[in-house]
Amino acid sequence: MKPYPDEILVSVLARYHDMKGQMHTKPILRDIYGVGHKKTSVDLPSSVGSIISHGIIDSTVDEVIEKCTLFPFYRPFLSESQAAEVYKLMMGDGGSATHLTSGIMPSVVRNSDSLRLCPVCLTDDIQNNGEPYWHREHQLPGMIICSIHEIELITECNECAEPFSHSRTTKGVIVCPLFCRNGHDLSTRCVDKVDDHLLQISRGITDLFQLSQIGKVPSNIRELYLVKLSQLNLCTVNKSIRQKELHSKFLAMFTIDILNKLGVPKPTGQHSWLSRIFRKPRFSFHPLLHTLVIQFLWGGIKLLPSNAKNLPFGIGPWPCLNRMTSHYGELTIKDIKITQCSDTKRPVGSFKCKQCGFHYSRRGPDIVTNDIFTYGRVKDFGQVWRDKADNLLEKGGSIRSIARELHVDSKTVNLYIKKRHTEIAAVESSEQELRRNRFMKSIKDSDMENYDDLKHRNSKDYRWLYKNDREWLKKLLPARPKRLVHQISRVNWNQRDKQLVKEINQAILTLRMGDHKPERITISRIGRTIGKLALLERHLDKLPFCYGLLKVNLETEEQHQIRKIDWAVQKIKQQGDRPVKWKILRYSGIRIISTDVVNGHLYMRIGETIDISPKAA
């Protein structure tokens with residue numbers, strides 16, 4: 001058999017069953033898989049290799065997985081190792097492991113149990129292929145409206161509410177029907193009035209699916225998310241997301257009613273799926289969740305940029321905005337420094353051209369492309385601009401005419417003139433020579449007996465020379481005499497060891513004998529109990545008695561779990577209940593049994609209660 005365009009695999013197998021004309025499914029399943037109890041899921045079916053090897057479908061394994069399953073839809077949001085493992089499981093007998101590996105099984109998205117069809121597509125399929133079939137695109141998670149005909153997909157007859165299939169597996173899937181079981185024509189059961197939001201979401205799912213098939217979904221999706229959040233002022237410079245504002249705006253776009261129809265839970269709190277999807281990818285997220293986020297941030301995946309603008313000001317290079325240079329407007333700046341505005345908390349980008357020294361900054365993030373040609377403040381005009389300004393000032397002219405020539409405000413020219421006069425005066429006065437002479441005079445007036453006295457006699461000049469002319473100062477002054485420091489131990493470690501060992505012993509007794517849930521006896525636990533954690537961590541080598549006592553009493557994970565099991569058994573008995581494995585593990589708080597010894601001890605304690613119970617009876 002040849003699959004029709006956009007036909008899902010279970011539809012092909014259902015047509016094969018119908019073609020054979022057998023009522024029972026076991027003979028058909030043996031033809032397909034070689035066994036009589038196999039099920040094929042709609043989205044990520046397994047045993048595709050077996051189907052091809054038995055000659056059911058005239059195609060290759062790769063073509064079936066790519067064109068008849070939803071694997072391409074999930075692939076962009078899986079790691080390379082995940083995608084390879086899922087593909088391998090689909091080729092072989094992966095079963096439920098396929099969904100577990102892909103992240104579908106633990107996902108918060110609820111899968112629909114019913115297959116969907118478009119009434120208008122039914123008519124088109126009959127005209128083009130002679131029979132209707134289940135479309136792959138209609139079975140995409142969250143797909144509620146046919147993106148081609150813009151009408152609502154149906155899972156049951158609108159007239160009599162008769163469902164088409166009771167399960168998304170081959171055992172319950174029937175050939176795509178033209179009439180329901182009560183004889184109503186399904187091609188006429190169109191719901192023309194559809195929700196605009198649901199229509200946009202369905203279009204977004206279709207667009208994402210189409211891009212997934214040709215490998216055009218960006219791999220750096222998280223970076224794109226963070227950049228867009230920053231542009232919307234929902235993310236700080238340090239990539240800290242403003243969760244309350246994010247959730248509020250998201251729920252304003254996607255109401256609870258819409259989310260319920262899609263099978264997506266309402267995101268609440270900092271540990272919701274909406275919060276975690278922007279964090280470092282520790283596990284995969286359902287494509288439907290990515291579709292909603294993309295719809296929320298950009299309005300559709302077609303508007304998603306292909307490259308990450310990994311900063312609020314783009315990826316560079318950035319233009320030099322010095323109008324006094326020949327490279328004005330050219331992208332000569334390759335580095336950027338980003339800080340945060342203390343008032344608005346918005347990012348501030350600092351740009352410096354290495355060719356002319358022009359240094360400017362502006363608040364971000366950039367919203368439109370032309371924002372890169374603007375600045376908010378000039379930090380340094382650079383040497384090229386200063387040379388031009390000096391030349392204009394020497395020629396003379398009004399402040400306003402010079403300002404127009406330099407493309408700045410007249411106040412900027414006045415400030416530059418004032419600063420220039422100050423610099424000239426400083427050069428003429430030769431502050432360095434002045435301070436050198438003054439300090440040398442203070443040395444001559446001193447008897448040079450006391451180094452500190454010499455330094456304090458003229459502290460102002462000494463500090464300035466130490467900061468600006470240190471080499472000259474070192475040659476002038478004699479070397480400071482080195483002070484001999486004798487390290488004297490002020491702690492009687494012997495006495496402290498004897499005192500501390502008593503406290504440690506008491507802490508160990510308290511941890512072991514208490515009626516509370518057993519805590520593991522570790523150096524950290526004992527140190528916090530007696531308030532001497534730092535002392536035990538840093539100076540345990542100087543405390544031999546303490547070291548010996550700790551060496552004997554510190555617990556391994558195995559010993560700790562055995563003690564917790566004994567405590568749990570005792571507690572359960574005190575409550576008059578019978579200790580069973582699940583109850584002991586719950587009371588003791590053990591999730592994973594560390595060793596076989598612990599497992600053996602657990603069953604030994606359970607066995608003791610079984611041996612005792614008949615005698616008690």
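Select helix H22 (residues 493–513) and helix H25 (residues 544–553). Helices here are DSSP runs of H or I with at least four residues, numbered from the N terminus. The two axes, lines fitted to C-alpha atoms over the stretch in contact, come within 8 Å and cross at roughly 20°. H22 and H25 therefore count as roughly parallel (angles under 35 degrees, taken between N-to-C directions).

This is a predicted model: local features need pLDDT of at least 70, side-chain atom pairs count only at pLDDT 80 or more, and totals for chains, interfaces and linings use all residues. Residues are numbered from 1 along each chain as its sequence is written, and side-chain values use heavy atoms, without hydrogens and water.

Contact means heavy atoms within 4.5 Å. From H22, pick residues including Leu500, Val501 and Ile504. From H25, pick Phe545, Leu549 and Leu550, among others.

Next, select Lys517. Lys517 sits in the loop between H22 and helix H23 (523–530). Now find Tyr462, 55 residues away along the chain: the C-alpha atoms of Tyr462 and Lys517 are separated by 66 Å.

Last stop: Arg362. Arg362 lies in strand S3 (residues 359–363); strands are DSSP runs of E with at least two residues. Arg362 is buried, with a relative accessible area of 5%. A polar atom of the Arg362 side chain lies 3.4 Å from the backbone oxygen of Asp371.

Terms used. Buried means under 20% relative accessible area, exposed over 50%, partly exposed in between (1.4 Å probe, protein chains only). A polar contact is a pair of N or O atoms within 3.5 Å; within protein, one must be able to donate a hydrogen and the other to accept it, and residues adjacent in sequence count only if both atoms are side-chain atoms. Axes are lines fitted to C-alpha atoms, for helices over the stretch in contact, and angles run from 0 to 180 degrees between N-to-C directions. Angles under 35 degrees count as roughly parallel, over 145 as roughly antiparallel, 65 to 115 as roughly perpendicular and the rest as oblique.
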